[in-house]
Amino acid sequence: VPPIMFLTYMFIPLSVGMFPHLFQHWLTAKSAKAFKLTVVAHPICIMIVWVPCVLIGLWATGKLPADAPPAAVLAQMVGRLVQDPIIVGLVTAGVLAAIMSSLDSQFLCLGTIFTNDIVLHRAGPKKYSDKQTITIARIFIVVIVSLTYALAMVAKDANVFDLAIWCFSGFSALFPVVFAALYWKRATKQGVVASILGASVTWVYFF
């Protein structure tokens, strides 16, 4: 990885603020005081969890064959260390639980954001009943899940590292829009639309 490209990975943490299930919680807070514990504890918890993971990955990279790509370290470690059927079951359950909890939260939040901020915002809160609103949200979630599955099938030969960089880049690309909306008085709706379209075009291109 070229040094300049590696440096751009420093922007990936900005993506956390754009996760739908976190972003939605922040929008519902009545006071900035609600974020005090999150702002202090979140980086500490991330460090406790991620520093050992990163160090293990770095150490394991030195054990890979010379022709093996660094992104293959996870698969190599799982193949060498996870041999016992019980450990395989525990690891698989842990991976699925982590993936399902994040996907579940993001899909549900996207459905809520779509119905409240797009459908009801344009049509008015009284046009649709609660049952109709829930149906619209469910249909939207099914569409998003289907699209996600289709993309996964297209990219099934890609390695996890490349997919992760692509996904987090999409979240990070939304950060300037929110930052400008909060702190730049000259930000306009047209500028926001242009920024999102530009990010979407490059996102599709890099996929």
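Ground rules come before the details. Residues are numbered from 1 along each chain as its sequence is written, and side-chain values use heavy atoms, without hydrogens or water. In this predicted model, local features need pLDDT of at least 70, side-chain atom pairs count only at pLDDT 80 or more, and totals for chains, interfaces and linings use all residues.

Start with helix H2, residues 20-27. Helices here are DSSP runs of H or I, at least four residues, numbered from the N terminus. Which residues of H2 are buried? Pro20, His21 and Gln24. Buried means under 20% relative accessible area, exposed over 50%, partly exposed in between, with a 1.4 Å probe and protein chains only. These three cover an arc of only 95° around the axis, so they sit on the same side of H2. That arc is taken from the directions from the helix axis to the C-beta atoms. The buried residues pack against helix H5 (85-123) and helix H7 (160-172), where contact means heavy atoms within 4.5 Å.

Now the rings. The structure holds nine aromatic pairs. Rings of Phe, Tyr and Trp (its six-membered ring) pair if their centres lie within 6.5 Å; planes under 30 degrees apart count as stacked, over 60 as edge-to-face, the rest as tilted. Phenylalanine 114 and phenylalanine 140 are stacked, 4.0 Å centre to centre, with 5° between the planes. This pair links helix H5 to helix H6 (residues 130-154), 26 residues apart in the chain. Phenylalanine 114 is partly exposed, at 22%.

Phenylalanine 179 and tyrosine 183 are tilted, because their planes lie at 45°, with centres 5.0 Å apart. Tyrosine 183 is exposed, at 61%.

Definitions and conventions:
Helices (H or I, at least four residues) and strands (E, at least two) are DSSP runs, numbered from the N terminus.
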